[in-house]
Amino acid sequence: MSPSPAKLTSLIEKQGWVLADGATGTNLFNMGLESGDAPELWNETEPAKITALYKGAVDAGSDLFLTNSFGGNASRLKLHGAALQRALCSSASPPVVKATWRFR
């Protein structure tokens, strides 16, 4: 789902800059994520909230998105008793972002 270097270069040449999403964690806490919860699990359990997060970035003009999958690895998810859900957490985020991109 990463932009190709050529697409990113083209965008920079066209606009002179690239706007990326940000404050993902802060925004998720504002949406109800509790301290200590794994935000990656929301890709599966709260897809509407994750979609709203990315739609907000699209509405703000973001060109580049970082998926909600940073801690989607077995070691990190083991802390939440969800180590076996690693593949699900990692694979659920890009389709949500891709589906949100249609809003742009």
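What follows is a short tour of the core and a few residues.

## Before you start

This is a predicted model, where local features need pLDDT of at least 70, side-chain atom pairs count only at pLDDT 80 or more, and totals for chains, interfaces and linings use all residues. Residues are numbered from 1 along each chain as its sequence is written, and side-chain values use heavy atoms, with hydrogens and water left out.

## The core

Nine residues make up the largest nonpolar core: L28, L33, W42, I50, L53, Y54, A57, V58 and F65. (A nonpolar core is a set of buried Ala, Val, Leu, Ile, Met, Phe, Trp, Tyr and Cys residues joined through side-chain atoms within 4.5 Å.) Helix α4, residues 47-59, supplies the largest share of this core, with five residues. Helices here are DSSP runs of H or I with at least four residues, numbered from the N terminus.

## The loop between α1 and α2

D21 sits in the loop between α1 (5-15) and α2 (24-30). D21 counts as buried because its relative accessibility is 13%; buried means under 20% relative accessible area, exposed over 50%, and partly exposed in between, with a 1.4 Å probe and protein chains only. Leaving out residues up to four places away in sequence, D21 touches Y54, A57, S62, L64, F65 and L66. Contact means heavy atoms within 4.5 Å.

A23 is in that loop between α1 and α2 too. A23 has a positive phi of about 60°, although it is not a glycine. Most residues other than glycine have a negative phi.

## Over in α3

N43 belongs to helix α3, residues 42-45, and is buried at 3% relative accessibility. N43 and S69 are 26 residues apart in sequence, and 8.3 Å apart in space, C-alpha to C-alpha.

Technical notes:
Helices (H or I, at least four residues) and strands (E, at least two) are DSSP runs, numbered from the N terminus.
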